[in-house]
Amino acid sequence: MSSVEFAYLKDYRYTDQDVREHPYLEPLARSYLQSYGGDFSFLVAAKLLVESGGVLSTAVTRGVLNCMRADPTAPVPPARSRPVLRTVNPRRPARVRLKASFKRPWLSSRFPTARYAHELHPGLTELWWFPHIERYEWYPRVWCGVSLSRAQQVNTWEIPEGRTACLRCARAKGEIDGG
Ligand SMILES: [Zn+2]
């Protein structure tokens, strides 16, 4: 197991008990779903449930909150109330790569001095599921190869205001597409 994966093991995930004890978490998950524009099937199903007037179960709320933690565009859920110790089944895979399509094409930094919006490279971008912490992580890659601070990156449908399209991304994409 790599040190990266070990770091995730130590990371916190929301529990059913958290959801039951903190009534503000369910509305938070609900509002996130209402604005969710992605195509991850679990979140899409939960979104449809909310839109049809359904109630999020404790387990679904917990799952949504844990997905929110992996989404750089989501509001950060409130911090945990207490540490939780868990037993990890050593035969369960530490992480599983999921097939996913990434439709929001632009990746940029929230950092105030950032100038460019980079084009997401869907073929190199990866989505992983960490079974023991019930959490998704995505690893976005852009055509020009630049890496953005994980805490600052934002994935959008349009080029954010104040940013311009990265020419190096366009060039790299053109070269690969057009030969
Ligand atoms: Zn770029």
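Begin by selecting residues 96-98 and 126-130: these are strands β1 and β4, which run antiparallel and are joined by 3 bridges. Strands here are DSSP runs of E of at least two residues, helices are runs of H or I of at least four, and both are numbered from the N terminus. Two strands count as paired if DSSP finds at least two bridges between them. Residues are numbered from 1 along each chain as its sequence is written. The model is a predicted one: local features need pLDDT of at least 70, side-chain atom pairs count only at pLDDT 80 or more, and totals for chains, interfaces and linings use all residues.

Within this pair, display Arg97 and its bridge partner in β4, Trp128. Next extend the selection to β5, which is antiparallel to β4 and joined to it by 5 bridges. Phe130 stands opposite Arg135 in β5. The two strands, β4 and β5, form a hairpin with 4 residues between them. Select Glu134 in the turn, where phi is positive at about 50°.

Is Ser147 buried or exposed? Ser147 counts as exposed because it has 11 C-beta neighbours inside 10 Å. The cut-offs are 20 or more other C-beta atoms within 10 Å for buried, 12 or fewer for exposed, and partly exposed in between, with C-beta atoms placed from the backbone.

Now select the open sheet of 4 strands, whose order is β6-β2-β3-β7 and whose pairing is mixed. Its edge strands are β6 and β7 (164-165), each of which pairs on one side only. Inside the sheet, β2 (residues 106-109) and β3 (residues 116-119) pair in the antiparallel sense over 3 bridges. Trp106 has Glu119 as its bridge partner in β3.

Turn next to the helices and select α3 (residues 25-35) with α4, whose axes lie 9 Å apart at an angle of about 105°. Axes are lines fitted to C-alpha atoms, for helices over the stretch in contact, and angles run from 0 to 180 degrees between N-to-C directions. The two helices, α3 and α4, are therefore roughly perpendicular; that term covers 65 to 115 degrees, with under 35 roughly parallel, over 145 roughly antiparallel and the rest oblique. Show Arg30, Leu33 and Gln34 of α3, which meet Leu43, Ala46, Lys47 and Val50 of α4. Contact requires C-beta atoms, placed from the backbone, to lie within 7 Å.

Then select α4 (residues 41-51) with α5 (residues 58-70): their axes come within 11 Å and cross at roughly 130°. That angle makes α4 oblique to α5. On the α4 side the contact is made by Phe42, Leu43 and Ala46, and on the α5 side by Val60, Gly63, Val64 and Cys67.

Finally, select the whole chain, which comprises 6 helices and 7 strands. Along the sequence they follow the pattern α-α-α-α-α-β-β-β-β-β-β-β-α. Of the 179 residues, 23% count as buried. Among contacts in the chain with a separation of 6 or more, 68% are between residues 24 or more positions apart.

Conventions: Two residues are in contact if their C-beta atoms, placed from the backbone, lie within 7 Å.
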